[in-house]
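Morning, everyone. Please have a look at the model on the screen.

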Amino acid sequence: MADKENRRITDVGTLKALGHPLRMKLYRALLVAGAATASQLGEQVDEAPSLVSYHLRRLADHGLIEEAEPRSGDGRERWWQPASDGVSIRGADFRDAPEKETAHLAFTRLYVDQRTELYRRYLDERAAWPAEWNDAVVDAEGNLRLTAAELASLRNELLAVIRKYDEKGRADEAAGATEGRENVAVHLYGFPFRV
C-alpha cells in the first residue's frame with residue numbers, strides 16, 4: 001500500500017459499515033498486515049473465510065479497503081489492503097441529526113470496547129513478552145484542569161508526536177531496520193468529566 005492519508009468518514013452508511021464488530025476487527029488486521037486474504041484474516045479472527053469474504057466486500061463497497069496485488073502464485077486467492085492509512089471519524093460530522101449522532105455513539109462504544117479487548121489481551125499475555133517490552137509499556141492517567149481550547153491544543157500536540165514516531169518507524173522499517181520491531185497500539189482519550 002502506498003502512503004495514503006487517513007480517510008475522513010462523514011456519512012452514516014460508511015460509519016455503520018465499519019461499525020460492525022467483525023468488520024472493525026478485519027479492518028484493524030488489514031492495517032497491521034498491510035495486505036491479506038480472507039483465509040489469512042479468518043484464521044486471525046476465528047471465522048470462516050466465506051463469512052470474512054462477505055464482510056471484506058462490504059468494507060470494499062464503502063471504499064475502506066481495496067483489492068491488492070497478489071502476494072503468491074495462487075491465482076484463486078483474492079488479496080485485500082486498506083484503501084488509506086486509516087480513518088478519521090469526528091463527532092462533529094454526525095451531530096446534525098439524532099440518528100447520525102446515535103450511529104456515531106454506537107461506533108465509538110464498539111471502538112472503545114475493541115481497544116480495551118486489545119489491551120486486556122496484552123495484559124493476559126504480558127508474561128510471554130520480554131522484560132524490555134514490559135518495562136517500555138505505558139499505562140498512565142492524568143487529571144488536568146483545562147479549557148476546551150487547551151484540550152484541543154494538547155490533542156494536536158500528542159497526535160503530532162504519534163505521527164512523528166509512526167513516520168520514523170515506517171521509514172526505518174522500509175530501510176531494513178526490522179530487528180526488534182513490533183506492532184504497538186497507542187490509545188489516547190482526553191475528555192471532560194465532573195465529579
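Is serine 88 buried or exposed? Serine 88 is buried, because its relative accessible area is 17% and buried means under 20%. Keep in mind that this is a predicted model. Where does serine 88 sit? It belongs to strand S5, residues 87-89. Now its contacts. Leaving out residues up to four places away in sequence, serine 88 touches Asn6, Arg7, Arg8 and Ile9.

On to the helices. Start with H2, residues 21-33, and H5, residues 98-125. They pack at an angle of about 55 degrees. Their axes are 11 Å apart. So H2 and H5 are oblique to each other. The crossing of these two is right-handed. Who makes the contact? From H2 come Pro21, Met24, Lys25 and Arg28. From H5 come Phe107, Leu110, Tyr111, Gln114, Arg115 and Glu117. Sort the residues of this contact by class, and you get five nonpolar, one polar and four charged.

Next pair: H2 with helix H4, residues 49-61. Their axes come within 10 Å. They cross at roughly 80 degrees. Angles of 65 to 115 degrees count as roughly perpendicular, so H2 and H4 are roughly perpendicular to each other. On the H2 side, the contact uses Leu22, Arg23, Leu26, Tyr27 and Leu30. On the H4 side, it uses Leu51, Val52, Tyr54, His55, Leu56, Arg58 and Leu59. How many residues of each class are in the contact of H2 with H4? Nine are nonpolar, one is polar and two are charged.

Note on methods
Residues numbered from 1 in each chain as written. Predicted model: local features only at pLDDT ≥ 70, side-chain atom pairs only at ≥ 80, totals over all residues. Heavy atoms only, no water. Axes fitted to C-alpha atoms, helices over the stretch in contact; angles between N-to-C directions. Helix = DSSP H or I, 4+ residues; strand = E, 2+ residues; numbered from the N terminus. Parallel < 35°, antiparallel > 145°, perpendicular 65-115°, else oblique. Left-handed = near helix turned anticlockwise from the far one by under 90°. Contact = heavy atoms within 4.5 Å. Nonpolar A, V, L, I, M, F, W, Y, C, P; charged D, E, K, R; others polar. Buried < 20%, exposed > 50% of the residue type's maximum accessible area, 1.4 Å probe, protein only.
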